Amino acid sequence: MDDAPTEYVAAQLRAIVGVEVVISRIEAKVKLSQNRSAADMDGVVAGLVARGEDVAAAVVRAARDRAHGQV
């Protein structure tokens, strides 16, 4: 932009518009590998435990049990 004419740069700067977005609602889905085998889900649990994410591991364990009829 160093080689652009001053008038061009000024016109472009005047055309910049700021927008503020207010978030009023968030919709989300939780995907816990329910379509995977119990062995795959066990691998996810092991990875989460190795990273110290015990709460997430417990959630995936519960999803595994529901998905594979162990509840």
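Biologist: Which exposed residues does the face of α2 turned away from its buried side carry?

Modeller: This is a predicted model, and in it helix α2 spans residues 38–50. Its buried residues are Met41, Val45 and Leu48. The face turned away from that buried side carries the exposed residues Ala39 and Ala50.

Biologist: What does the cover of the buried residues of α2 include?

Modeller: The residues in question are Met41, Val45 and Leu48. What covers them includes another helix, formed by residues 54–67, namely α3.

Biologist: How many Å does α2 reach from its first C-alpha to its last?

Modeller: Helix α2 has 13 residues, and 18 Å is expected at 1.5 Å a residue. The helix comes close to that expectation, with a reach of 18 Å.

Biologist: Is valine 19 buried or exposed?

Modeller: Valine 19 is placed in the loop between α1 and α2. Together with Val17, Val21, Ile23 and Ile26, Val19 makes a nonpolar surface patch of about 620 Å². Exposed means over 50% relative accessible area. Because its relative accessibility is 69%, valine 19 counts as exposed.

Biologist: How far apart in space are glycine 69 and glutamine 34?

Modeller: Glycine 69 belongs to the segment after α3, and its relative accessible area of 65% makes it exposed. In sequence, glycine 69 and glutamine 34 are 35 residues apart. From C-alpha to C-alpha, their separation in space is 12 Å.

Conventions. Residues are numbered from 1 along each chain as its sequence is written. This is a predicted model: local features need pLDDT of at least 70, side-chain atom pairs count only at pLDDT 80 or more; totals for chains, interfaces and linings use all residues. Side-chain values use heavy atoms; hydrogens and water are left out. Helices (H or I, at least four residues) and strands (E, at least two) are DSSP runs, numbered from the N terminus. The expected span of a helix is 1.5 Å times one less than its number of residues. Buried means under 20% relative accessible area, exposed over 50%, partly exposed in between (1.4 Å probe, protein chains only). Contact means heavy atoms within 4.5 Å. Patches are made of residues with over 30% relative accessible area and no salt bridge: like charges are joined within 9 Å, nonpolar side chains (Val, Leu, Ile, Met, Phe, Trp, Tyr) within 5 Å. Accessible areas come from the Shrake-Rupley method with a 1.4 Å probe; for residues, only the protein chains shown count as cover. A salt bridge is a side-chain nitrogen of Lys or Arg within 4 Å of a carboxyl oxygen of Asp or Glu.
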